[in-house]
Amino acid sequence: MNTLLNLIWFVLAGFWLAIGYVVAGIICCVLIITIPFGIASFRMANYVLWPFGRTVVDKPTAGAMSTIGNVIWLIVAGWWLALEHIVTGIAQCITIIGIPLGLANFKMVPISLMPLGKQIVLSDRTFA
């Protein structure tokens, strides 16, 4: 079921959302000092392409620098990536079939706002 959801997600939202993260990552990598933000953005682009079957958890080794970096990220790129998820989620929730995908978009808003100090892992929960 995860594969089916991921395929539908990829076609209806994942590809376009990933483009936003890749653009943010390229911009961050061009500006040398923000390369860690670019790496986080590319990681999120990978997650946004194929989200079902994976989840985001706090990284146990994250410290104060992650918090400071998240504040900078929020100002520079996080707010418009979160807005991208909100608009896409609302559009998907208009149709009955799109509601699960819209809810998945809403669940991605916090990680798009503050991606540093998080890691993407395989989910132990599967859909039957």
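Me: Taking helices (H or I, at least four residues) and strands (E, at least two) as DSSP runs numbered from the N terminus, where in this predicted model is Lys59 found?
Reply: The model is a predicted one, and in it Lys59 touches Gly117, Lys118 and Gln119, leaving out residues up to four places away in sequence. The C-alpha atoms of Lys59 and Leu12, which are 47 residues apart along the chain, are separated by 30 Å. As for its own place, Lys59 is found in the loop between E1 and H3.

Me: Is Lys59 buried, partly exposed or exposed?
Reply: Buried means under 20% relative accessible area and exposed means over 50%, with partly exposed in between. The relative accessible area of Lys59 is 34%, so Lys59 counts as partly exposed.
 
Me: How many salt bridges does a search of the whole structure find, and which side chains meet in a salt bridge?
Reply: The search of the whole structure finds one salt bridge, with a distance of 2.4 Å, N to O. One partner lies in strand E1 and the other in strand E2, so the pair ties together parts that are 60 residues apart in sequence. The side chains that meet in this way are those of Asp58 and Lys118.

Me: What is the span of helix H2 from its first C-alpha to its last?
Reply: Helix H2 covers residues 35-49 and has 15 residues, for which a span of 21 Å is expected at 1.5 Å a residue. The reach of H2 in the model is close to that expectation, at 21 Å.

Me: With which residues is Val22 in contact, leaving aside its neighbours within four places in sequence?
Reply: Val22 has its place in helix H1, and a relative accessible area of 33% makes Val22 partly exposed. The C-alpha atoms of Val22 and Asn46 are separated by 9.2 Å, although the two residues are 24 residues apart along the chain. Once those sequence neighbours are set aside, the contacts of Val22 are Ser41, Phe42 and Ala45.

Me: How are H3 and H4 oriented to each other, roughly parallel or roughly antiparallel?
Reply: The axes of H3 and H4 lie 8 Å apart, and the two helices pack at an angle of about 175 degrees. The residues of their contact divide into 15 nonpolar, nine polar and no charged. Since angles over 145 degrees count as roughly antiparallel, the orientation of H3 and H4 is therefore roughly antiparallel.

Me: Which residues does Trp79 touch, not counting those up to four places away in sequence?
Reply: Trp79 is found in helix H3, and its C-alpha is 7.9 Å from that of Ser112, a residue 33 places away in sequence. With the sequence neighbours left out, Trp79 touches Leu74 and Leu113.

Me: How far apart in space are Leu116 and Asn70, C-alpha to C-alpha?
Reply: Leu116 has its place in the loop between H4 and E2, and a relative accessible area of 16% makes Leu116 buried. Leaving aside neighbours within four places in sequence, Leu116 is in contact with Pro36, Phe37, Ala40, Ser66, Gly69 and Asn70. Although Leu116 and Asn70 are 46 residues apart in sequence, their C-alpha separation is 5.9 Å.

Definitions and conventions
Residues numbered from 1 in each chain as written. Predicted model: local features only at pLDDT ≥ 70, side-chain atom pairs only at ≥ 80, totals over all residues. Heavy atoms only, no water. Expected span 1.5 Å × (residues − 1). Axes fitted to C-alpha atoms, helices over the stretch in contact; angles between N-to-C directions. Parallel < 35°, antiparallel > 145°, perpendicular 65-115°, else oblique. Nonpolar A, V, L, I, M, F, W, Y, C, P; charged D, E, K, R; others polar. Salt bridge = Lys/Arg side-chain N within 4 Å of Asp/Glu carboxyl O. Buried < 20%, exposed > 50% of the residue type's maximum accessible area, 1.4 Å probe, protein only. Contact = heavy atoms within 4.5 Å.
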